[in-house]
Amino acid sequence: MKLPTIIEAEKLLNEAEQRNLRAWIGHSKTTAFCAKAIVEQCDNLNDDTSYILGLLHDIGRREGVTDMRHIIDGNNFMTSLGYDDCARICLTHSSPYKDIRSYNGQNDCTAEETEFIKRFLDNTEYDDYDRLIQLCDALALPDGATYIEKRLVDVVMRRGFNDLTIQKWKAFLYLKDYFDKQTGTDIYKLIGV
Ligand SMILES: [Fe+2]
């Protein structure tokens, strides 16, 4: 994997904060914290890699207040820096249920961008880093880790729901079970909720 160092990743997030200072910065730091805390109990994943991927999963929000297009902006920015594995996480983190129509919020991408995301997800077999960041995104409030149900309700209250929301929630709850099994414990104990 070609990744920025932790210091470089923190610098990228700090620069993004100057461009778009909002709650997503705290949310990104919480995601990184959760990823590291969970992976410390997983044999097959690296702590620092997980932390960096968590920190940068929403980096597309540096471009301003957007909705679904933050995932394509994140992909484009990370790709421009040569960090393809971070770019991949920008694209996969919002889709534990592999149908972009399940996205909570508006699709503010162009038709071509939407097709690109759709094709990328169709052609990508998720690995444990994809699953980990999808899970941690759903555990991370701006001021700290929380129960997955609380975060899912928080997202729906702000961005609405659609016909696929229940399927998406089931996919998140599956990820919670998956990492409970991977770590041999209840992940809530690891992230301190
Ligand atoms: Fe996120």
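## Close-up views of a predicted helical model

View 1. Lys176 sits in helix H9. The model shown here and in the views that follow is a predicted one. Setting aside neighbours within four places in sequence, you will find Lys176 in contact with Leu135, Ile148 and Ile187.

View 2. Tyr147 belongs to the loop that lies between strand S2 (144-145) and helix H8 (148-159), and Ile148 is found in helix H8. Tyr147 has 15 C-beta neighbours inside 10 Å and counts as partly exposed. Ile148 counts as partly exposed too, with 19 C-beta neighbours inside 10 Å. Which residues does Ile148 touch, not counting those up to four places away in sequence? They are Ala138, Leu139, Phe172, Leu173 and Lys176. For Ala138, ten residues from Ile148 along the chain, the C-alpha separation from Ile148 is 5.7 Å.

**View 3. Helix H7 meeting helix H9.** Here is the pair of helices to look at with the axes drawn in. Two packed helices are described by the angle between their axes and the distance between the axes. For H7 and H9, the axes come within 9 Å and cross at roughly 115 degrees, and the crossing is left-handed. On the H7 side the meeting residues are Arg131, Gln134 and Leu135; on the H9 side they are Leu175, Lys176, Tyr178 and Phe179. Sorted by class, this contact has four nonpolar, one polar and two charged residues.

**View 4. Helix H7 and the residues it keeps covered.** H7 is mostly covered, with eight of its ten residues buried. Those eight are Tyr129, Asp130, Leu132, Ile133, Gln134, Leu135, Cys136 and Asp137. What do the buried residues of H7 pack against? Their partners are H2, H3, H5, strand S1 (140-141) and H9.

**View 5. Asp130, a buried residue of helix H7.** Asp130 has its place in helix H7. Is Asp130 buried or exposed? Asp130 is buried, with 20 other C-beta atoms within 10 Å, and 20 is the count from which a residue is called buried. Residues up to four places away in sequence aside, Asp130 touches Ile89 and Thr92. Arg88 is 42 residues from Asp130 along the chain, and the C-alpha atoms of the two are separated by 8.2 Å.

**View 6. Helix H5, enclosed by the rest of the structure.** Seven of the nine residues of H5 are buried, so this helix is largely enclosed by the rest of the structure. The buried residues are Cys86, Ala87, Arg88, Ile89, Cys90, Leu91 and Thr92. Around them, the packing partners are H3, H4, helix H6 (111-122) and H7.

View 7. In soluble globular proteins, nonpolar side chains tend to be buried together. The largest nonpolar core in this model has 47 residues, and Cys34, Ala35, Ile38, Leu56 and Leu132 touch the most other members. Among the elements that give two or more residues to this core are helix H1 (6-19), helix H2 (24-39), helix H7 (128-137) and helix H9 (165-183). H2 gives the most, with seven residues. Beyond its neighbours within four places in sequence, Ile38 is in contact with Leu132, Phe179, Thr183, Ile187, Leu190 and Ile191.

**View 8. Stepping back to the whole chain.** The protein chain has ten helices and two strands, running α-α-α-α-α-α-α-β-β-α-α-α from the N terminus on. The radius of gyration is 15 Å, close to the 16 Å that the globule rule gives for 193 residues, so the chain is as compact as a globular protein of that length. Along the principal axes, the C-alpha trace spans about 40 × 40 × 30 Å. Of the 193 residues, 39% count as buried. Among contacts between residues at least 6 apart in sequence, 70% join residues at least 24 apart.

Methods. Residues are numbered from 1 along each chain as its sequence is written. This is a predicted model: local features need pLDDT of at least 70, side-chain atom pairs count only at pLDDT 80 or more; totals for chains, interfaces and linings use all residues. A nonpolar core is a set of buried Ala, Val, Leu, Ile, Met, Phe, Trp, Tyr and Cys residues joined through C-beta atoms within 7 Å. A residue is buried if 20 or more other C-beta atoms lie within 10 Å of its own, exposed if 12 or fewer, and partly exposed in between; C-beta atoms are placed from the backbone. Helices (H or I, at least four residues) and strands (E, at least two) are DSSP runs, numbered from the N terminus. Two residues are in contact if their C-beta atoms, placed from the backbone, lie within 7 Å. Axes are lines fitted to C-alpha atoms, for helices over the stretch in contact, and angles run from 0 to 180 degrees between N-to-C directions. A crossing is left-handed if the near helix is turned anticlockwise from the far one by less than a right angle, and right-handed if clockwise. Ala, Val, Leu, Ile, Met, Phe, Trp, Tyr, Cys and Pro count as nonpolar, Asp, Glu, Lys and Arg as charged, and the others, Gly among them, as polar. The radius of gyration is taken over C-alpha atoms; the globule rule is 2.2 Å times the number of residues to the power 0.38.
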